[in-house]
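Good morning, colleagues. Please keep the display in view while I speak.

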Amino acid sequence: MITAHSHDNDGNAAIRLFCEMQRDGFRPDNFTFTSVISAVGLVAESEKHCQQLHSRELFDGMAEKLVVAWNAMISGYVHRGLLQEAFKMFKKMYLSGVQFDEFTYTSIISACANASFLLLGRQIHAYILIKMRVKDLVSWNAMLSSYVNSGRMNEAKEIFQEMPEKNLLTWAVMIAGLAQNGLGEESLKLFNLMKLQGFQPCDYAFAGAITSCAALGSLKSGRQLHSQLIRLGFECSLSAGNALITMYGRCGVVGDARNLFLTMSFVDSVSWNAMIAALGQHGHGVQAVELFEEMLKEGILPDRITFLTVLSACSHAGLVEEGHRYFDAMHDIYGITPGEDHYARMVDLLCRAGKFSDANDMIGKMPFQPGPQIWEAFLAGCRNHGNMELGIQAAERLFEMIPQNDGTYILLSNMYAAKGLWDNVSRVRKLMRDQGVKKEPACSWVEAENKFHVFMVDDTAHPEVNAVYSYLKQLVLEMRKLGYVPDTRFVLHDMESDQKEHAISTHSEKLAVAFGLLKLPRGATVRVFKNLRICGDCHNAIKYISKVVGREIVVRDGKRFHHFKDGECSCRNYW
């Protein structure tokens, strides 16, 4: 029953039952402690301070403070971001004479990484090397997990290579770590290497590989992994199912994500969050809000991630009233204190809708000083609406806070370029050079013929780029017949009119779309991915292209999805 409550995400009920068990004279065994410590973690995740929990009372009342209990308390603090409390508990454990184990080290090294306590982390690492005479597989895996959880993947790779032996957990931890830290290609290669080494993947390893497909936009690989999951009998896995929802959403097939969500045998808050996020990314704001309301009716309590996803959905769809209502409900109804990321979503929502006065009021009433997230959202809104005065103010704040961030310079430069203020553009670019800031190059990629094809702006490197340019010229002739006129306001350099038209015709997303049309089977949807926001002319051009060729084209840029079909876009020009 304790385990059932834990699996049902009802930590308080599990802990209450454990206390009743002790009062009735039943002595807990290791399995009991494992289940109740899981419940401790659940409650620690939902409360502000561990001291407020029944489980703290539970810990202090234990006749024998087992190392697993100490570890659970430290881990609970670390997961809640209460790092000072974690360090105090670690010190108290040491003074109590309790022997540390590999899981203690895992949590405390993660705490050191999150708090940027490099010296302390190195001291603990050295202590481990000296005291841990027998470095068994469990110890190696724990050390690997600590570096992976801390996002220190270079060190994790070194440990992985040094390990004298590896088991399925080793591979799964490394595959998931690479996927979650933006190293999707490496993750998939490691997944395939694991199978070549004779290991049959577990559902956790599958989840890591599927997460990599989501980041890369590899729908074909993701579907292959889904088929393997079913063949191996893991279709009921919650972790793999949640990863699949995200993968289908991130690969542009939100319908498949929805079908999977509806047919999963069990869903949790992560499943709901993933589905709401998928709908929001595709501009289905109303459906995302409806799903959120359905989640509440099902009795699933939203967490801070849920509110991030639903606020993002409102922002992409321009649902200002709904966004305000959910933002207020966070604290007033659910007792969740909004963080800077939630305020940033609200500022983004208001600025996208052109409500700069309301956004300014919200920033002024924030209970803390606005950080970069806030001003980045504000600046992006100013860029969308051409609000030069407020945009300059936001940019100045960002220059003070994060002077090495290329996005600030680019947005400000783009604002000046749109107004034809080329002297100001030159000044911004000189400032970039003086600060040693380099612009992230725009690139787009498309999956065709079993590989990814990457295109840069004005590309000359791709082996078939000449055919792409030739095909684009043909398309433009047909597009012009339908009324397409290149919008040279999105050219960011001062040049002659005909040069501007050429410059804008070589944007990476246009090249990737043309290549996909050339190489993919007739009638197949073309799915293009871009690292930065799609430009206004490309957005308009691809609408015309979809009408000329009679095919659906999906573009995922740095912010959201655009589904182009029959000359229209799913975003309704609101992005």
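This is a predicted model: local features need pLDDT of at least 70, side-chain atom pairs count only at pLDDT 80 or more; totals for chains, interfaces and linings use all residues.

Lysine 157 and glutamate 186 join their side chains in a salt bridge, with N to O at 3.0 Å. The two residues belong to distant parts of the chain: lysine 157 sits in helix α10 (residues 153-162) and glutamate 186 in helix α12 (residues 184-196), 29 residues apart.

How many salt bridges does the structure hold? There are ten, and I shall discuss two others.

The side chains of glutamate 464 and lysine 519 meet at 2.7 Å, N to O. Here too distant parts of the chain are linked: glutamate 464 lies in the loop between β2 (451-456) and α27 (465-481), and lysine 519 in helix α29 (residues 508-519), 55 residues apart. Glutamate 464 is partly exposed, at 29% relative accessibility; lysine 519 is also partly exposed, at 29%.

Glutamate 509 forms a salt bridge with lysine 530, and their closest N and O atoms are 2.8 Å apart. Because glutamate 509 lies in helix α29 and lysine 530 in strand β3 (residues 526-530), this pair ties together parts that are 21 residues apart in sequence. Are these two residues buried or exposed? Both glutamate 509 and lysine 530 are buried.

Strand β4 (residues 553-556) pairs with β5 in the antiparallel sense over four bridges, and the hairpin they form has four residues between the strands. Within this pairing, isoleucine 553 has phenylalanine 564 of β5 as its bridge partner. Strand β5 (residues 561-565) is mostly covered, with four of its five residues buried. Two bridges also join β5 to strand β6 (residues 568-569), again antiparallel; lysine 565 is partnered there by glutamate 568. The hairpin of β5 and β6 has two residues between its strands, and aspartate 566 takes a positive phi near 55° in it.

Histidine 282 brings us to a contact with this region. The residue lies in the loop between α17 (269-281) and α18 (285-297), and is buried because its relative accessible area is 0%. Its side chain reaches the backbone oxygen of glycine 249 at 2.7 Å. Beyond its sequence neighbours within four places, the contacts of histidine 282 include Arg560, Phe561, His563 and Ser570.

Methods: Residues are numbered from 1 along each chain as its sequence is written. Side-chain values use heavy atoms; hydrogens and water are left out. Buried means under 20% relative accessible area, exposed over 50%, partly exposed in between (1.4 Å probe, protein chains only). Two strands pair if DSSP finds at least two bridges between them. A polar contact is a pair of N or O atoms within 3.5 Å; within protein, one must be able to donate a hydrogen and the other to accept it, and residues adjacent in sequence count only if both atoms are side-chain atoms. Contact means heavy atoms within 4.5 Å. A salt bridge is a side-chain nitrogen of Lys or Arg within 4 Å of a carboxyl oxygen of Asp or Glu.
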